[in-house]
Amino acid sequence: CYVQLLGKPDLSDEQRSRYAGAVTDASERLGQFVTNILKLSKLENQRIGLQIESCDLPRQLADAVLAFGDLFDSKGVELDVDMEDRALVRADPGVLEVVWSNILGNALKFTDPGGHVSLRQSSDDDIVSVEIRDDGCGMSAEELAHVFDKFYQGDTSHAARGNGLGMAMVRRAVELSGGTVTLSSVVDEGTVVLVRLPAAA
């Protein structure tokens with residue numbers, strides 16, 4: 001255990017720094033895990049007091065893209081965005097933030113440096129659609145069949161910072177917003193996530 005190793009008196013500064021970093025990293029993952037467990041529980045049981053309002057989806061998506069911008073740049077993954085100037089949906093903005101942060105986070109995590117991620121938002125009749133596509137590692141048919149299951153992790157080589165709750169939360173958040181989410185993927189070719197939400201009247 002890194003905590004026990006830190007107690008050794010003969011550690012070099014480099015070792016102490018590495019062990020302390022490992023402890024900090026593990027603590028952050030545990031904290032995020034607990035946060036996600038509580039958030040998912042509230043979403044599943046609808047204990048979150050939904051604040052339904054007219055939400056400008058392109059503006060919210062732009063905020064999400066800006067929040068991830070530095071992370072995409074630092075990893076060397078290109079992010080291409082195409083959105084309408086304005087498109088309103090009736091939803092809780094905080095609940096929808098769960099959707100975009102998880103999908104964009106996954107696209108970044110599973111796409112290698114030099115890869116590409118695209119975000120496309122469009123409106124058709126009474127539906128506002130958001131498609132997030134990456135050319136990352138993709139998923140097998142078995143992984144795809146379980147992607148919305150709680151605690152499921154397929155490719156463990158990419159799961160170091162995951163806990164198998166992200167897409168379960170995405171599905172529940174989209175359902176609470178009156179929409180649907182579908183996912184398609186091919187190994188070594190990438191993944192496409194499509195979210196469809198009812199437009200505001």
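Biologist: Is Asp56 buried or exposed?
Modeller: A word on the source: this is a predicted model, where local features need pLDDT of at least 70 and side-chain atom pairs count only at pLDDT 80 or more, while totals for chains, interfaces and linings use all residues. Residues are numbered from 1 along each chain as its sequence is written, and side-chain values use heavy atoms, with hydrogens and water left out. Buried means under 20% relative accessible area and exposed over 50%, with partly exposed in between (1.4 Å probe, protein chains only). The relative accessible area of Asp56 is 17%, so this residue is buried.

Biologist: Which residues is Asp56 in contact with, beyond its neighbours within four places in sequence?
Modeller: Asp56 sits in strand 1, residues 53–56; strands (E, at least two residues) and helices (H or I, at least four) are DSSP runs, numbered from the N terminus. Contact means heavy atoms within 4.5 Å. With the sequence neighbours set aside, the partners of Asp56 are Asp85, Arg86, Ala87 and Leu88.

Biologist: How many helices and strands are there in the protein chain?
Modeller: We can read the elements from the N terminus on: α-α-β-α-β-β-α-β-β-α-α-β-β. Counting them up gives six helices and seven strands.

Biologist: Which residues touch the most other members of the largest nonpolar core?
Modeller: A nonpolar core is a set of buried Ala, Val, Leu, Ile, Met, Phe, Trp, Tyr and Cys residues joined through side-chain atoms within 4.5 Å. In soluble globular proteins, nonpolar side chains tend to be buried together. Here the largest core has 36 residues, and those touching the most other members are Leu57, Trp100 and Val195.

Biologist: Which helix gives the most to this core?
Modeller: Several elements supply at least two residues each, among them helix 3, strand 3 (88–91), helix 6 (166–176) and strand 7 (190–198). The top contributor gives eight residues, and that is helix 4.

Biologist: How many residues of helix 6 are buried?
Modeller: The buried members include Gly166, Met169, Val170 and Leu176. After helix 6 comes Gly178, with a positive phi near 75°. Helix 6 is mostly covered: out of 11 residues, the buried ones number nine.

Biologist: How many bridges link strand 4 and strand 5?
Modeller: Two strands pair if DSSP finds at least two bridges between them. Strand 4 (116–124) also runs parallel to strand 2 (residues 78–82), joined by five bridges, with Glu78 partnered by His116. The bridges between strand 4 and strand 5 number eight.

Biologist: Is Asp125 buried or exposed?
Modeller: Asp125 lies in the loop between strand 4 and strand 5, a hairpin with two residues between the strands. Its phi is positive, about 55°, although Asp125 is not a glycine. The relative accessibility of Asp125 is 72%, so it counts as exposed.

Biologist: What is the phi of Asp188?
Modeller: Asp188 is in the loop between strand 6 and strand 7. With a relative accessible area of 65%, Asp188 is exposed. Phi is positive here in a residue other than glycine, with a value near 70°.

Biologist: Which element supplies the largest share of the lining of the second largest pocket?
Modeller: On a 1 Å grid over the protein atoms alone, a pocket is an open set of points where a 1.4 Å probe fits, with protein on both sides within 12 Å along at least five of seven lines, and lining residues have an atom within 4 Å of a point. This pocket holds about 210 Å³ of space, where volume is the space filled by probe spheres set on grid points joined across faces, edges and corners. Of its 14 lining residues, those closest to the centre are Gln60, Asp63, Ala64, Pro93 and Glu97. Strand 1, helix 3 (57–75) and helix 4 (93–109) each supply at least two lining residues, and the largest share, six residues, comes from helix 3.
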